[in-house]
Amino acid sequence: MRIWGSEEVKRSLARRREIMLRDHLLGRGIRSGEVMRAMEEVPRESFIDEGLMDSAYDDNPLPIDEGQTISQPYIVAYMTEALQLQKTDRVLEIGTGSGYAAAVLSRIVTEVFSVERLGSLAESARRRLQSLGYDNVFIHEGDGTQGWAEHAPYDAIVVTAGAPHVPPTLLKQLAIGGRLVIPVGPIPEFQVLLRLRRLGGGEFRREELCGVRFVPLIGAEGW
Ligand code: SAM
């Protein structure tokens with residue numbers, strides 16, 4: 001039987017993490033040094049069930065509690081890179097899930113605010129991030145389609161669940177020059193990843209980045 005935390009398991013995880021970095025991230029076009037460093041630093045195995053340890057660095061989403069998922073490493077890296085982050089940025093994430101993407105973001109920017117609608121996930125992510133020492137991540141339980149007004153405006157907002165349209169409230173909480181990266185699609189199962197940059201008051205530049213597949217964003221301005 002393999003023992004969690006044993007030298008053998010640590011070596012095996014390190015090998016798999018190398019493969020993720022080389023083949024799944026660099027090999028598929030992730031170029032930002034900050035994103036690569038963050039993906040190297042954050043132990044994905046600490047955000048999943050022990051039973052899934054062998055799959056921790058596979059390039060696919062994995063199940064977490066409440067029928068939700070931790071996103072595929074490549075997509076986490078891709079969305080983080082798409083946010084075009086600066087060190088001093090304040091970032092809002094919608095859909096905390098396991099807390100993994102928030103931890104990755106927290107290695108690059110000053111402060112990360114993350115909203116999760118499911119209380120049990122918000123609570124377990126809060127405890128996990130605290131125990132791992134990610135003390136610049138702040139978690140709020142609530143409907144993320146309403147953003148987190150208290151700390152707005154944000155330099156970047158990332159939504160990690162699929163929306164039927166771009167929630168107007170999130171656009172309002174974006175700073176001038178800020179970027180919103182969000183999966184949007186007319187059916188809950190498939191989306192196009194969009195990046196919207198706020199150019200001025202109500203003026204936005206919209207780009208379509210790629211096709212993606214996320215669990216639905218459920219809320220007042222979601223499904
Ligand atoms: N970023 C997460 C991670 O690193 O583990 C993965 C997020 S998972 C793909 C999507 C999450 O969005 C789920 O935990 C789900 O409960 C949450 N969610 C869905 N609708 C939401 C909403 N309106 N506000 C906040 N969270 C929401």
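A network of salt bridges links Glu-123, Arg-126 and Arg-127; a salt bridge here is a side-chain nitrogen of Lys or Arg within 4 Å of a carboxyl oxygen of Asp or Glu. The model is predicted, with local features needing pLDDT of at least 70 and side-chain atom pairs counting only at pLDDT 80 or more, while totals for chains, interfaces and linings use all residues. Residues are numbered from 1 along each chain as its sequence is written, and side-chain values use heavy atoms, leaving out hydrogens and water.

The structure holds 11 salt bridges. In one of them, the closest N and O atoms of Glu-123 and Arg-126 are 2.7 Å apart. Both residues sit in helix H5 (residues 119-132), three residues apart, or about one turn of the helix; helices are DSSP runs (H or I) of at least four residues, and strands (E) of at least two, numbered from the N terminus. Glu-123 counts as partly exposed because its relative accessibility is 33%, and Arg-126 likewise at 32%. Buried means under 20% relative accessible area, exposed over 50%, and partly exposed in between (1.4 Å probe, protein chains only).

Glu-207 pairs with Arg-195 in a salt bridge, at 3.0 Å between the closest N and O atoms. Glu-207 lies in strand E9 (residues 203-212) and Arg-195 in strand E8 (residues 190-200), so the pair ties together parts 12 residues apart in sequence. Arg-195 counts as buried because its relative accessibility is 11%, whereas Glu-207, at 25%, counts as partly exposed.
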